[in-house]
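Work through the exercises below with the structure open beside you. Try each task before reading its solution.

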Amino acid sequence: IKKVAVLTSGGDSPGMNAAIRSVVRTCAYHHVECIGVYRGYEGLIEGDFLELNARSVKGIINKGGTMLKSARSKTFRTKEGREQAYKSLKDKNVDGLVVIGGDGSFTGALVFNQEFNFPVMGIPGTIDNDIFGTTHTLGFDTALNTVVDAIDKIRDTASSHNRLFFVEVMGRDVGHIALNCGIAGGAEEILIPEEDLGLERLVESLNKSKKSGKSSSIVIVAEGDKIGKNIFELKDYVDENMEGYDVRVSVLGHMQRGGAPSCFDRVLASRMGVKAVEAMLNGESNYMVGLKNGKMELTPLDHAIKGKTKINLELLRVSDIMST
Ligand code: ATP
């Protein structure tokens, strides 16, 4: 491998910049050229490149978002689009590709590899932590800190007014952000897609905590939870079936995807970049780098795409005990 291209694709997450920096500097360390691709696969097709050296990535380790921009590309889903992308890479003499993104981006990378036998490596970048093969995706830890900070602030106003707050957090189809932040923010209930509490039991549980002397309550709702059709219908149900609380809804939204990456995410991004480039230089392809038992490990891309993450049952139990 003489020249590596790096791109960010799909939804952005804090730590992507730190990962770009790490890929670029690891290439420089091993005397391999590196080129950045703007706007994910879209930029790859258009040949929208940026030559990068160790100094071009200064001052970005602490920045949220991605300096290379991210995109979703319909054209890359077509054979013609991918042929064009291959041509762009060949024109620039690139012979390896590092993709920082989620499972959709990895699927694209795998298809690309199978068609053109082009070496690819994946770095998992998403706040949702929904990728198999790593205990932490890039941006997850930062998002947790952002959400806990928001919950703390909401609690101040909740307890000043005897309010019940439903706080919706991101996470797609999984409840990792909700469960962790619910515990850390002292939520009374945590509603996640992996566990169906049911509306009646929710009201029962809130009534119980009210009787036990709590003057305010916070319920964390994962965006993928199906207990209510949506969080506003959930509020209406509880409004109708519970007395004594002023019920409010707060949807945290995209602020969860932004902000300076946490120390954890910066270190993780740096480690993942080194591992991805060095594995590629050692002749590996079609793997995702991940954190397992504190170590950097490779997981075949197809496992990372198909495998499902599991909710931590111990955390579920802890959250139950804490809401006593
Ligand atoms: P996020 O977790 O934020 O959604 P993601 O990487 O899963 O990130 P997607 O939008 O699913 O985001 O995928 C990113 C891009 O990967 C798509 O826009 C498309 O260009 C490419 N891609 C996804 N699936 C395929 C596929 N089956 N074939 C080719 N390209 C694909």
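**Exercise 1.** Find which helix gives the largest share of the shell around the ligand, and describe the residues of that shell.

Solution. In this predicted model, helix H4, residues 103–116, supplies the largest share of the shell, with 6 residues. Next, look at distance: of the 17 residues around the ligand, those that come nearest are Gly10, Gly11, Gly102, Gly104 and Gly108. Last, sort the shell by residue class: 11 residues are polar, 3 are nonpolar and 3 are charged.

**Exercise 2.** Locate Asn129 and Asn286, and decide whether each is buried or partly exposed.

Solution. Start with Asn129, which sits in the loop between strand E5 (120–124) and helix H5 (140–160). Its phi is near 60°, a positive value in a residue other than glycine. Asn129 has 24 other C-beta atoms within 10 Å, so this residue is buried; the cut-off for buried is 20 or more.

Now take Asn286, in the loop between helix H9 (263–281) and strand E10 (287–292). Phi of Asn286 is also positive, near 65°. Asn286 has 18 other C-beta atoms within 10 Å and is therefore partly exposed.

**Exercise 3.** Describe the largest nonpolar core and the contacts of Val23.

Solution. The largest nonpolar core has 50 residues, and Val4, Val6, Ala19, Val23, Val98 and Ala276 have the most contacts inside it. Helix H1 (residues 16–29) gives the most to this core, 7 residues. Leaving aside neighbours within four places in sequence, Val23 is in contact with Val4, Val6, Cys34, Val98, Gly273, Ala276 and Val277. A second, separate core has 34 residues, among them Val169, Leu191, Ile231 and Val238.

Notes:
Residues numbered from 1 in each chain as written. Predicted model: local features only at pLDDT ≥ 70, side-chain atom pairs only at ≥ 80, totals over all residues. Near = placed C-beta within 6 Å. Helix = DSSP H or I, 4+ residues; strand = E, 2+ residues; numbered from the N terminus. Nonpolar A, V, L, I, M, F, W, Y, C, P; charged D, E, K, R; others polar. Buried ≥ 20, exposed ≤ 12 C-beta atoms within 10 Å, placed from the backbone. Core = buried A, V, L, I, M, F, W, Y, C linked by C-beta atoms within 7 Å. Contact = placed C-beta atoms within 7 Å.
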